[in-house]
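The exercises below ask you to work from the coordinates to a description of helix packing and of charged pairs. Try each task before reading its solution.

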Amino acid sequence: MPTRAQRKLWRSLRRRKGRVESGLFLVEGRRLLADLLASDVRVETLLCSRAAGGAGGDVAVAELATRFGQQGAEVAWLSESEFDAVTATVTPQGVAAVARIPRADWESVRGQRILLLDGVQDPGNVGTLIRTGEALGVQIVVCLPGTADPWAPKAVRAAAGSGLRVPLLASGSGEALDRLRALDAELWVADAAGPPVYRGVDRPPGLGLALGSEAHGVSDTLRAQADRIVSIGMVKSVDSLNVAVAGAILIDRIFGDRKEGGPSAP
């Protein structure tokens, strides 16, 4: 039976402070748990609702409990009220995992297609951009100050498994600028006032694309150091788009496929 300390820890993972202090995050939903099984991310505990996976319950939950147990994870069976107190979804599926947050650092950056999120505050947008980035060839996502935690439950759900595969790195703005220069990578900054960029643009081998918040855009620090300011170009009657939508368009135009039938070359 889980201890009071364990239940308190699991509940704390809904908040950034709890994730930072423990180095753990919560993965909810059967599809995400299947991605988790296929990843290298370490799972500490699988949380199962007795109502969902116990005798006469959902076979899928019982199967997940068996598979995670075989990989060395502790399996904790909780009452329905205990499970609901831990999870963040409105309609939980009766199973969730407590996993160790993967650690990435600048020393591990080997790719040349870098996405920087600067003050993107909504975790759903952060997760969507991580997912879009993976789909279009981004090799690492750098979260700058003011950006929502990519390991928040809403961000993890929106990333739909991409956060388990794409390295996610937290960094200060100054450090990010220094590292981009050390990697001989240009910095392109998204700004609605910039000239539009289109698919097939001549892109340098190393490139960091910075996206900012809808309200304030990219910080003055990054804008001042930009090698190029870019936008998607819109009719005058529309002055802005959701950052996840605008970011997806720019990621496709800048990092996306240049030939039919396959991903863009590094």
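**Exercise 1.** Determine the handedness of the crossing of H3 and H5, and then describe how the two helices pack.

*Solution.* In this predicted model, the crossing of H3 and H5 is left-handed. The axes of H3 (residues 30-38) and H5 (residues 59-70) come within 12 Å and cross at roughly 20°. Because angles under 35 degrees count as roughly parallel, H3 is roughly parallel to H5. On the H3 side the contact is made by Arg30, Leu33, Leu36 and Leu37, and on the H5 side by Ala60, Val61, Leu64, Arg67 and Phe68. Sorted by class, the contact of H3 with H5 holds 7 nonpolar and 2 charged residues, with no polar ones.

**Exercise 2.** Which parts of the chain does the salt bridge between Lys154 and Asp122 tie together?

*Solution.* The side chains of Lys154 and Asp122 meet in a salt bridge, at 3.6 Å from N to O. Lys154 lies in helix H8 (residues 153-159), whereas Asp122 lies in the loop between strand E5 (113-118) and helix H7 (123-135), so the pair ties together parts that are 32 residues apart in sequence. With a relative accessibility of 42%, Lys154 counts as partly exposed, and Asp122, at 32%, is partly exposed.

**Exercise 3.** Is Arg42 buried or exposed, and with which residues is Arg42 linked in a network of salt bridges?

*Solution.* Arg42 has 55% relative accessibility and therefore counts as exposed, the cut-off being over 50%. Arg42 forms a salt bridge with Glu44, whose closest N and O atoms are 3.1 Å apart, and a network of salt bridges links Arg42, Glu44 and Arg100.

Technical notes. Residues are numbered from 1 along each chain as its sequence is written. This is a predicted model: local features need pLDDT of at least 70, side-chain atom pairs count only at pLDDT 80 or more; totals for chains, interfaces and linings use all residues. Side-chain values use heavy atoms; hydrogens and water are left out. Axes are lines fitted to C-alpha atoms, for helices over the stretch in contact, and angles run from 0 to 180 degrees between N-to-C directions. Helices (H or I, at least four residues) and strands (E, at least two) are DSSP runs, numbered from the N terminus. Angles under 35 degrees count as roughly parallel, over 145 as roughly antiparallel, 65 to 115 as roughly perpendicular and the rest as oblique. A crossing is left-handed if the near helix is turned anticlockwise from the far one by less than a right angle, and right-handed if clockwise. Contact means heavy atoms within 4.5 Å. Ala, Val, Leu, Ile, Met, Phe, Trp, Tyr, Cys and Pro count as nonpolar, Asp, Glu, Lys and Arg as charged, and the others, Gly among them, as polar. A salt bridge is a side-chain nitrogen of Lys or Arg within 4 Å of a carboxyl oxygen of Asp or Glu. Buried means under 20% relative accessible area, exposed over 50%, partly exposed in between (1.4 Å probe, protein chains only).
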